[in-house]
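Please keep the structure in view while reading.

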Amino acid sequence: MPATDPGTPATDPAGTPSAGSTAGTWPPPARRPTGRDVARLAGVSQATVSLVFSGSEAGRRVSEATRERVRQAADSLGYRPQAAGRQLRLGRSGMIMLAVPNLQGPFFGRVLQGVHQEAGRHGLAVVVSSGWGSATLAEAATAGRFDGLLICSPDDSQLGELPPDTPAVFLDADPGTDRARPTVELDVAGGMRAAVEHLAALGHRRIGHLRSTHAAYTFRRRQAAFEQAVRELGLEVVELGVSLNDGHAAARIVAGQLLERADRPRAVVCDDDVVASGVYQAAAERGLRVPDDLSVVGMDNVTVAALLAPPLTTVDLPGEELGRAGAAALAGLLHGEPVPPVPPLATSLVLRSSTAPA
């Protein structure tokens, strides 16, 4: 048997590397970009790149314009700093937790997308959780698994005392929840007013409202805005409560109850788009057409809104922007930077084809 050159990979009879060979793999492994590559592209020193991604007070010595140039260079190269050693030095895990009421809620998918985008810019990983209570949050805050918390759309039972040294930011929550910590609000009241005013402008004088039964600040704000708008416009109202966590099936049942009333309204405002999809199904089951027989307005502007037939008129709540703003505020807290108040994020009415004149 001929000797085999130890520097040559073994081959099968066809001349291709054998299954056990590691040489000649395809595609060849790409070289991982380094801090030196980033420094060259950004036109700065390697020391500056290290400072930008250090996550320490020293990084603040670099101007914001330079930091942004370094981040853009890193993004374009696909550079990710080696986080393990840095986090160990700082006594951090490099992870933050996003706590949402319901993982199946499509709006929270929009929020998570924004959180991921911004957290990645700061070298942070994101873990999302639902079904949490005040005790769960307190435990997560003290166990050292997470550097900070983002608490989105909490209801009253989920709020408790967090350890005072826990970095935390509240999203879509009452700004009075914890005045020592940042809160990023959505202008849900303005969005609800726009929805009611739109139906009134179409001539609807009697409207239905499928409202959330959850005890959360965001839904109290929507309810208060709805009541004020219908009062100022002199509208008649039929209201029913629905559990948003029970999803489309629960919404369909409650919508059916509304549509079977002898005095059923010809227009309905829903506290979210999933509820609106339940209204569509309940209407179809009763031979009612949207918008000829029933105008429908939702809230959130999640993907399903544009896919319904006809597409749903809804209030756009900028979930991605909410997530980005919250993650940026939390990163500021983790870096020891002052976090200025964030004005309520604007909402807007997206006009599609689900409403028509009375």
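In this predicted model, six strands form an open sheet with mixed pairing, and their order across the sheet is S7-S6-S8-S9-S10-S11. Strand S7 (236-242) and strand S11 (348-350) are the edge strands, since each of them pairs on one side only. From one strand to the next, the twist averages 20°.

**Pairing within the sheet**

- Strands of a sheet pair through backbone hydrogen bonds, and this pairing can be either parallel or antiparallel.
- Strand S8, made of residues 267-270, pairs with strand S9, made of residues 295-300, in the parallel sense, and the pairing runs over 3 bridges.
- Within this part of the sheet, Val269 has Val297 in S9 as its bridge partner.

**Helices packed on the sheet**

- Helix H8, which covers residues 217-233, packs on the sheet and touches strand S6 (206-212) as well as S7, S8 and S9, while its direction makes about 170° with that of S6.
- Helix H9, which covers residues 247-259, also packs on the sheet, where it touches S6, S7 and S8, and its direction makes about 150° with that of S7.

**Cysteines**

- A disulfide is a covalent bond between the sulfur atoms of two cysteines.
- When the whole structure is searched for such pairs, 0 disulfides are found.
- Cys152 counts as buried because its relative accessibility is 0%, and buried means under 20% relative accessible area.
- Cys270 is likewise buried, because its relative accessible area is 0%.

Technical notes. Residues numbered from 1 in each chain as written. Predicted model: local features only at pLDDT ≥ 70, side-chain atom pairs only at ≥ 80, totals over all residues. Heavy atoms only, no water. Disulfide = S-S within 2.5 Å. Buried < 20%, exposed > 50% of the residue type's maximum accessible area, 1.4 Å probe, protein only. Pairing = 2+ DSSP bridges. Helix = DSSP H or I, 4+ residues; strand = E, 2+ residues; numbered from the N terminus. Axes fitted to C-alpha atoms, helices over the stretch in contact; angles between N-to-C directions. Contact = heavy atoms within 4.5 Å.
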